[in-house]
Amino acid sequence: MRSSYPLLAEVADFLDATLRIGEIPDYPNAVNGVQVANDGEIERVACAVDFSTAAIEGAIKAGANLLIVHHGMFWGGVEPLTGHRRNRLRMLFTNDIAVYAAHLPLDVHPELGNNVLLAQQLGLEPSGGFARFQNIDVGVTGMSDVPTRTLADRARLFAEQHGGSLVSTPFDANRVTRTWGMCTGAGADSSTLREAARRGIDTLIVGEGPHHTAVEARELGIVILYAGHYATETLGVRALADAITTKFGIPSVFVDAPTGL
Ligand SMILES: [Zn+2]
């Protein structure tokens with residue numbers, strides 16, 4: 001008799017198609033899609049921003065046999081399977097937990113994506129793409145008429161709800177954000193700043209970025225709000241897990257494991 005639970009292959013097919021895993025380019029270590037298989041059935045889903053011991057423990061506690069992450073298990077590159085890396089695999093195999101990773105395909109998704117959902121959270125309405133990577137726009141951009149201070153307050157609140165904090169380049173109290181650009185995660189770099197300057201973007205909202213981006217931003221008259229890598233990427237995995245619940249009728253949980261960054 002066939003149980004009513006979907007198989008990993010069915011859930012993976014749904015995710016691959018929804019996220020266009022085969023079409024969206026990414027960094028080599030992202031390894032989008034199924035990273036670890038289980039014996040088959042998926043009764044419950046857990047999602048987390050990062051593949052970590054804490055995420056696996058959360059999945060075990062929730063009785064999940066699929067863990068969905070934004071930053072997968074190969075993020076740090078090729079490493080020996082010793083110590084905590086070996087333990088993580090043992091925990092997965094012992095508890096029959098599969099792992100599915102979705103990096104840029106999740107950042108860019110028009111409904112479930114980190115960028116679209118963060119814009120919504122901050123009361124911004126995207127009108128186009130931003131942060132070019134190969135043939136895709138990873139982030140979003142739009143027009144607004146909101147005081148930069150208000151935007152910073154919203155971003156601070158959001159960051160603090162996820163164990164982080166807001167870092168901002170200095171700006172005048174009466175400054176208004178007219179054109180904004182957003183790229184979650186490590187969104188501030190020389191390339192996004194160049195693109196922002198070229199496109200007349202006055203406020204950049206990102207997760208994090210190297211110090212030189214703050215120096216360059218001031219020279220360019222751009223304000224950068226760094227709302228935290230972790231915080232800005234909590235929304236996509238949750239939306240994706242919710243989509244699985246809607247599609248297959250199986251419950252899902254978010255495992256919150258803030259990095260502080
Ligand atoms: Zn990231």
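Predicted model: local features only at pLDDT ≥ 70, side-chain atom pairs only at ≥ 80, totals over all residues.

Which helices and strands each supply at least two residues of the lining of the second largest pocket? The elements in question are helix H4 (104-107), strand E5 (128-133) and helix H7 (190-198). The second largest pocket holds about 320 Å³ of space, and 21 residues line it. Nearest its centre lie Tyr-27, Leu-104, Cys-183, Ala-186 and Gly-187. Sorted by class, this lining comprises eight nonpolar, eight polar and five charged residues.

The largest pocket may be described in the same terms. About 460 Å³ of space lies within the largest pocket, and its lining is made up of 20 residues. Phe-51, Gly-72, Met-73, Trp-75 and Gly-76 are those that lie nearest the centre. Two elements give two or more residues to this lining, namely helix H3 (83-94) and helix H9 (229-232). The greatest contribution comes from H3, with three residues. By class, the lining of the largest pocket has eight nonpolar, seven polar and five charged residues.

Attention now turns to the metal site. The zinc ion is coordinated by His-71 through NE2, His-229 through NE2 and Glu-233 through OE, at 2.1 to 2.2 Å. Along the chain, these donors follow the spacing H-x157-H-x3-E. The two histidines link distant parts of the chain, with His-71 in strand E3 (residues 66-71) and His-229 in helix H9, 158 residues apart. Are these histidines buried or exposed? His-71 has a relative accessible area of 7% and is therefore buried. His-229 also counts as buried, because its relative accessibility is 17% and the cut-off for that class is under 20%.

When its neighbours within four places in sequence are left aside, Tyr-100 is in contact with Ala-12, Leu-15, Asp-16, Leu-19, Ile-21, Gly-33, Val-34, Gln-35, Leu-66, Leu-67, Ile-68 and Val-69.

Glu-41, at 32%, counts as partly exposed. Ile-42 is buried, with a relative accessible area of 0%. Leaving aside neighbours within four places in sequence, the contacts of Ile-42 are Tyr-5, Pro-6, Leu-7, Leu-8, Val-11, Asn-65, Leu-66 and Ile-250.

Asp-39 and Leu-104 are 65 residues apart along the chain, and their C-alpha atoms are separated by 27 Å; Leu-104 is one of the residues nearest the centre of the second largest pocket. Glu-41 and Met-73 are 32 residues apart in sequence and 21 Å apart in space, C-alpha to C-alpha; Met-73 is among the residues nearest the centre of the largest pocket. For Ile-42 and Ala-159, which are 117 residues apart along the chain, the C-alpha atoms are separated by 32 Å.

Finally, the backbone deserves a comment. Most residues other than glycine have a negative phi. Ala-131, although not a glycine, has a positive phi of about 70°. Ala-131 lies in strand E5 and is buried, with a relative accessible area of 4%. Gln-134, also not a glycine, has a positive phi of about 50°. The place of Gln-134 is in the loop between E5 and strand E6 (136-147), where Gln-134 is exposed, with a relative accessible area of 56%.

Definitions and conventions: Residues numbered from 1 in each chain as written. Heavy atoms only, no water. 1 Å grid on protein atoms, 1.4 Å probe; cavity = no way out; pocket = protein on both sides within 12 Å on 5 of 7 lines; lining within 4 Å. Points joined across faces, edges and corners; volume = space filled by probe spheres on them. Helix = DSSP H or I, 4+ residues; strand = E, 2+ residues; numbered from the N terminus. Nonpolar A, V, L, I, M, F, W, Y, C, P; charged D, E, K, R; others polar. Donors = N, O, S within 2.8 Å, 3.2 Å for Na, K, Ca; no water. Buried < 20%, exposed > 50% of the residue type's maximum accessible area, 1.4 Å probe, protein only. Contact = heavy atoms within 4.5 Å.
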